[in-house]
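Here's a quick briefing to read alongside the model. Have the viewer open and follow along by residue number.

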Amino acid sequence: MMRIFGRGLCLPACLLAASTVVAQAPDEADKPGFEPYPLEYWAMRAVISNVAVSPDGKHLALMKIPSKDGNPIIEIYDAADLTKEPFRLDADPMEITGFYWASDRDILFTLRQQVRDKIDGFNQGVYDSRLAVLDVGAKKMRSFAGERATVVNILPSEPNKVIVAVQEGGDDGPAARVRAAYRPLAYYEFDLRRGSRKLIIRGKLSLGQVNFDGEGNPWLARGFDEGSREYIAYHRKPGTSGWKDVYRHHEDSFESFGVVGFDVDNPDELYVVANNGHDTRGLWSFNVDTQELTALYRRSDVDVGNVFEHSNSWMHPDTVTGVSYGKDKLHREFFDDAEAATYAQLEGIVPHAHRVRITSRSRDGATLTVRNSGPRDPGTYYLLKDGRIQTIGSRQPLFKSEDLADVEYITYKARDGRTIPAYLTVPHGEPPFPLIVMPHGGPFVPEIVGFDKWAQLLANQGYLILQPQYRGSQNYGLEFYQAAFVEGGQGGFKMQDDKDDGALHLVKGGLASRDRIAMFGWSYGGYAALVAASRTPQIYQCVVAGAAVSDPNMQVNYYRFAMRGAQREEQLRMWDDSVSPLDEAEKVNVPMLIVHGSVDQRVPPDHAKKYLKRLDEHDKTYKYLELEGADHFSNTLFYDHQLDFFTAMTDFLANDCGPGGL
């Protein structure tokens, strides 16, 4: 491991010197019995979220879902007295999905609305989105920014303006899908007062994906050269109008090179997350003139993730203060001593501190909102103001920390000798436990487990939960990632062995019962569950497959023509050569619960329909639950969806999972 730290910024005084400490939650209770929470508790969406103070520190806004089946509303409080009745805003019939403070009086918020009953093709869901502006002083919504717009810069120096990006045009035919894959966007300056917008840059395939600094100056653009088959990073120096091609990265390279920020004191030095010839990604300083890379922080065990910026984005926009990486939890390495000290103080007073994050801060630095989440905390928000810290509320207030489960980071050996990392959620009680193997989706997306609602729900029911980071999972270096497809697709082969070997490792260690093992997964995890149902020798008593890919060729055909180079190689070799559950349906040898959303845009419902038809052809027994109106993603699983799903799953595991249930 290598660490090279930059300079620190100094604050005038110790931030929390006058704070009062929030009362600590009780330690693990010694109780004569343990009763699982009702499934209705787990079906609740986050009660509060998206908590932030205004730039002047006078107001606090948050999103709240006021009832189990209600839509989110925005509540705006007097930050000096949270007991006062807040102003509330509901955007019915649209649904509020998030918000940003854009000035002392303006909140920019995002909305969505279901506009069709069926998906409009792969990745074309049933929702459309908009942006809107709330004038806090006048207490009214004043204007819209148009459809399919996203906020890319709040412009701290321009209190009445923001920059938004819009993806324009349709996606007709393979060529259009390729263009859409590289997302050339149009960028507009949006005037919050007038409700008007002015075009800044209209991106194109060769130069798009523009980044703007806190002053609104474009400083970075990305593009693709179809002739040389290279991704290009363009840079624009302050005060100039031309773009300079500063780095080219061939599409066939699996190495990463991503610009993630710049040195505010020397804008010619960019911060880059890249392999640069190493197995794991590190953070580098890249000089745009000499094109030299200088190591800032790199590890040999895991990739670095991304940089994070100063907690006071109003006064220190674009200021990079550290870099993160994930292993047993998300870790931060600070380049700024004052920021490091602030976080250390917060972690010392927040109960069950695990992943503490400053979510907003006033211009003067004196007022902050803080969020913590972790195995014993589903997400709690705090306000620090006038030298005291107070609890705003929890995302899931019905849960007590002492009733939740601990999460352990472990490693084990796969049958070919490869070391596999994993997360283990351990229920109350004494081992051996019934075990549920819960592989993540992707299949390549990295997973860092803190509070995982599905894992905690099942642990609350008494199950031991294993979340294996099987080969192909990113975060553990190029070699580990490419092991999923360098010898042909390993889906259903070695990637599946990694999951089974984790279960057998826990059995050997006495933590899990050999005859009480199940697999539950969603998306690629659902695919893995379908594969597991047909394997021999069989170690599982049943499987639960959610939003599962049953036909790998059909899935990859949705986007086969929208991929190029290493990405195309990765996906095609992964799926084309992997086990197809459709072809294995005749071999299914355990009970199955199959769950799918009726408007799943990422893994369309045809996957479930084709697989169920194949099961019927072979007289296989299964249970099927279709979630009406549910998409692939968790933010479309509403209360009734989750309650139906959790009820079906827990009943299936308890009563239908092998002889006598799991």
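What follows goes from the whole chain down to a few strands, a helix pair and one glycine.

Keep in mind that this is a predicted model.

**The chain as a whole**

- Along the principal axes, the C-alpha atoms fill a box of roughly 70 × 65 × 50 Å.
- Buried residues account for 57% of the 662 in the chain.
- If you take the contacts with a separation of 6 or more, 57% of them link residues 24 or more positions apart.
- The accessible surface is about 27400 Å², and carbon and sulfur atoms contribute 47% of that.

**The S14–S17 sheet**

- Four strands make up an open sheet here, ordered S14-S15-S16-S17, with antiparallel pairing.
- Which strands sit at the edges? They are S14 (208-212) and S17 (244-250); each has a single partner strand, so one side of each is left without a neighbour in the sheet.
- From one strand to the next, the twist averages 20°.
- Inside this sheet, S15 (residues 218-225) and S16 (residues 230-235) run antiparallel and are joined by six bridges.
- To find one of the bridge pairs in your viewer, pick Ala221: its partner in S16 is Tyr234.

- S19 (residues 266-274) pairs with S18 (residues 257-263) in the antiparallel sense, over six bridges.
- How many residues lie between S18 and S19 in their hairpin? There are two.
- Across that pairing, Gly261 stands opposite Tyr271 of S19.
- S19 also pairs with S20 (residues 282-287), again antiparallel and over six bridges.
- In this second pairing, Val273 faces Leu283 of S20.
- Strand S19 is mostly covered, with seven of its nine residues buried.

**The H6/H7 helix pair**

- Two packed helices are described by the angle between their axes and the distance between the axes.
- For H6 (residues 494-508) and H7 (residues 524-533), the axes come within 11 Å and cross at roughly 80°.
- Which residues meet across the two helices? On the H6 side they are Met495, Gln496 and Lys499, and on the H7 side Tyr524, Ala528, Val531 and Ala532.

- Gly546 belongs to strand S34 (residues 542-546).
- Is Gly546 buried or exposed? Its relative accessibility is 0%, so Gly546 counts as buried, since the cut-off for buried is under 20%.
- Setting aside neighbours within four places in sequence, Gly546 is in contact with Gly521, Trp522, Ser523, Gly526 and Val595.
- One of those partners, Gly526, has a number that falls inside the residue range of H7 (residues 524-533).
- For a distance check, Gly546 and Gln469 are 77 residues apart in sequence and 19 Å apart in space, C-alpha to C-alpha.

Methods: Residues numbered from 1 in each chain as written. Predicted model: local features only at pLDDT ≥ 70, side-chain atom pairs only at ≥ 80, totals over all residues. Heavy atoms only, no water. Pairing = 2+ DSSP bridges. Axes fitted to C-alpha atoms, helices over the stretch in contact; angles between N-to-C directions. Buried < 20%, exposed > 50% of the residue type's maximum accessible area, 1.4 Å probe, protein only. Contact = heavy atoms within 4.5 Å. Areas by Shrake-Rupley, 256 points an atom, 1.4 Å probe, with all protein chains shown as cover.
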